[in-house]
Structures are given as structure tokens and as C-alpha cells.
Amino acid sequence: MGKTNKERILDYLWSVSPKGATNSQIQEYTNIQSHQQVYMLTQELMHTGLIQGEQHGREWIFRANESPAVQLISSTPAPYRGTPSSTRARLTPRAFEDLARKVMSDHFGVPLMAGEVAGVPKRFDLVALDKNIVGDVKYFTLVGGRQLPPAKFSIIAEHVWLLEKTGAPTAFLVFGNDRQVPALWLRRYSNLVSGISFYFLSDDGVLELLGGSVR
């Protein structure tokens, strides 16, 4: 199922946040054909609190509403390649960590086990024997399944920083449960990531590289 025009507008505003955009800019980047439709949709989104708007003369400037209480109607999960989530039992975080260890070990071609790296006060979930590959596993979801997770965003930032400090040639985070969490984090902070790869692993074992820089 394709995204609605509302979702496309929200996605674009999140991608440029904290900067804003005019209706003309939104129309240009979302390829919505009618400027009038863009105007009506941004007004509706503003009145429902999903975006913020300021009028300067005859022109409106809109921004993503970054309040943690804002519910996202835009973040449509990527199509699942396995059993639909509505009928598929979720893995426990421990079961997902076991799955991630197997999949990432196969992906890199070396065994990965929990371990530490000298000089970094953190026990990582996935570490190669020679310490050249270091990763961590996160099984996150949006708050209540719908709301932005500011605390989890901070946890991701902390782990990116810790992974950078390892100096490992290959460092990564692998996420499960809800693809939206790492995707939203990267949308806002990918320019701050140096040498860390982000992966999403579905419960049925399908691995997807989301982004980030690779040393």
C-alpha cells in the first residue's frame, strides 16, 4: 500500500526538521500535483497538531511537531516479507538477540558473541574474537506503538557514541520489532553518524541495511 499525501507531507517535514518548509517546497518535494491540495492538507495537519505552522505575510512555514506526545500517522512500516504482524507472535528480546547473533555471524562470516572492548565500559552483544567487528542489538518499538520514543532515541545516540569509541573497523547496531524507530532516528541524525551501520532484522530472519557510514 502506497503512502497517503498526508504521510508524504509528514515524512518530508521530518526529513528537514528542525527546519521548516512552505507549501510550494512541500509540493515540489512530495510531487503532489495540486498546490491547493497541499494547502488544505497542511492546514488540516496543523489543526490536528501533527505539524506546526507560522504565517509570514501571505506565506505559511510548516515544521514537524517534535513533541513526544505527537502521534505519527505517517510512519508506515515497510512491507513484511514474512507472516503479517497481526497474526505473527513477536519474539521476546532474548529470542531476538539469539536470532541476531546467528544472522549477523552468518552475515560477517565470523562467530559473534557478547564481549567487551578495551577502554569502553560497555558489554556489547555481538563481538568478534579479534574485536574488529563490534555490534549491539536493540528490540525497540514506538511508545504505545504510535508515539515518538525520545528516551529510546537517546539510547541509540549513546550506543552510536560507544561503538565509535571502540575503533572497530566494522561497528553496527541491529534493530528488531519496529523498523520505524531506527528509520526515524536516521532520518533526523544520520549526518552525525560516523562509521556505524544500522541494520533492521525481521523476526523471520530477513536482514536489511538501513544506513549509516561504514569504515
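Is Lys102 buried or exposed, and what is its relative accessibility? In this predicted model, Lys102 counts as exposed, with a relative accessibility of 53%. Its salt-bridge partner is Asp106, and the closest N and O atoms of the two sit 3.3 Å apart. Asp106 also counts as exposed, at 52% relative accessibility. Both residues belong to helix 4, which spans residues 93-108, and because they are four residues apart there, about one helical turn separates them.

Side chains of opposite charge can pair when their charged atoms come close. Some of these contacts join up: Arg94, Glu97, Asp98 and Arg101 are linked in a network of salt bridges.

Then there is Glu208, which forms a salt bridge with Arg179, the closest N and O atoms being 2.8 Å apart.

Glu54 and Arg63 make another salt bridge, and here the closest N and O atoms are 3.9 Å apart, which still counts because the cut-off is 4 Å. As for accessibility, Glu54 comes out as partly exposed at 42%, and Arg63 is partly exposed too, with a relative accessible area of 30%.

Terms used. Residues are numbered from 1 along each chain as its sequence is written. This is a predicted model: local features need pLDDT of at least 70, side-chain atom pairs count only at pLDDT 80 or more; totals for chains, interfaces and linings use all residues. Side-chain values use heavy atoms; hydrogens and water are left out. A salt bridge is a side-chain nitrogen of Lys or Arg within 4 Å of a carboxyl oxygen of Asp or Glu. Buried means under 20% relative accessible area, exposed over 50%, partly exposed in between (1.4 Å probe, protein chains only). Helices (H or I, at least four residues) and strands (E, at least two) are DSSP runs, numbered from the N terminus.
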